[in-house]
Amino acid sequence: MIFFSDFDGTLTLEKRELTREFFDILDLLKQNGDELIIVSGRSVSWGHFFLTHFPLKYCIMEGGGVMLYLDERGEVCQEPLIDQKEIDRLAKFTTNFEHHFPRVPMSVDSFGRLTDRAIEFHLMDAEWIREALDFMDKHKINYSKSNVHINFWAGEISKYLGVKKFLDKFFPDLKETDCWFFGDAPNDQSMFESFHNSIGVSNIKHCLHRLEHKPRIILEGDENIGPKGVLNSIRKLQKGTIS
Ligand SMILES: [Mg+2]
């Protein structure tokens, strides 16, 4: 079975803590020969870290903009999932954007991003955020808000498109309905909207009112916060007690 999962707030706790449940998930999947594919808004550099430090073969980063995988020699490879012209358009826009908003708090990892950039929006007030987003709208730049950043990019990027391209390349015979996705925030909505099997961990309750598309299954209770909810669900899915 393939389990796709968001990272922040889903495989970690909301205060960005990596807990033992994450390692229990990895052990459980290994025992059953199942795959975990992290699908995160974090940068391609984080993807490199995931594949070199955890027993993972694949991940999809930058909100679906780029996938990484280990080749037959165990080397990390990366493949952008949008055209080079959109990558170039984003680079040009970012220079223009930083010129217009010189004090905008770009995330420190923006320099390591290939297909998107990120802003530390918690350092900005509401009006400043609105002005920045209006500027992006004017230049046909897309954006979305995760629990840590506002990410922006050029072209068509979403977690769902990334997962679809990933499955076409590596598992063309696998049906989407044989896979599951876990998430916790608005930047997971493309998966909640288009992917059949989606599960929201219980901390999703804080943003449910802002979601246009909700997960098919919504977990409840402190025992299902973030990685605890993922671990409990994987146990049940492996036993066939959720469908
Ligand atoms: Mg998240």
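In the predicted model, Ile-225 is buried, because 22 other C-beta atoms lie within 10 Å of its own, and the cut-off for this class is 20 or more. Ile-225 is placed in the loop that runs between β11 (217-218) and α7 (226-239). When neighbours within four places in sequence are left aside, the contacts of Ile-225 are with Leu-13, Val-201, Ser-202 and Asn-203.

At the level of the whole protein chain, the secondary structure comprises 7 helices and 11 strands. The C-alpha trace of the protein chain spans about 55 × 45 × 30 Å along its principal axes. The radius of gyration of the protein chain is 18 Å, which agrees with the value near 18 Å that a compact globule of 243 residues would have. Of the 243 residues in the protein chain, 40% are buried. Among contacts with a separation of 6 or more, 57% are accounted for by residues 24 or more positions apart.

The domain assignment divides the protein chain into domain 1 (2-81 + 157-239) and domain 2 (84-153), with a distance of 24 Å between the C-alpha centres of domain 1 and domain 2. Contacts across the boundary involve 16 residues of domain 1 and 15 residues of domain 2. On the side of domain 1 that touches domain 2, the residues divide into 6 nonpolar, 7 polar and 3 charged.

The nonpolar interior was examined next. In soluble globular proteins, nonpolar side chains tend to be buried together. The largest nonpolar core of the model contains 51 residues, and those with the most contacts inside this core are Ile-37, Ile-38, Cys-59, Ile-60, Met-67, Leu-68 and Val-163. Because domain 1 (2-81 + 157-239) and domain 2 (84-153) both give residues to this core, the core lies between them. Met-67, one of the residues with the most contacts inside the core, is in contact with Tyr-58, Ile-60, Glu-79, Leu-81, Gly-162 and Phe-166 once its neighbours within four places in sequence are left aside. Among these partners of Met-67, Ile-60 is likewise listed with the residues that have the most contacts inside the core.

Definitions and conventions:
Residues numbered from 1 in each chain as written. Predicted model: local features only at pLDDT ≥ 70, side-chain atom pairs only at ≥ 80, totals over all residues. Helix = DSSP H or I, 4+ residues; strand = E, 2+ residues; numbered from the N terminus. Buried ≥ 20, exposed ≤ 12 C-beta atoms within 10 Å, placed from the backbone. Contact = placed C-beta atoms within 7 Å. Domains from an automatic or database assignment. Nonpolar A, V, L, I, M, F, W, Y, C, P; charged D, E, K, R; others polar. Core = buried A, V, L, I, M, F, W, Y, C linked by C-beta atoms within 7 Å. Rg over C-alpha atoms; globule rule 2.2 N^0.38 Å.
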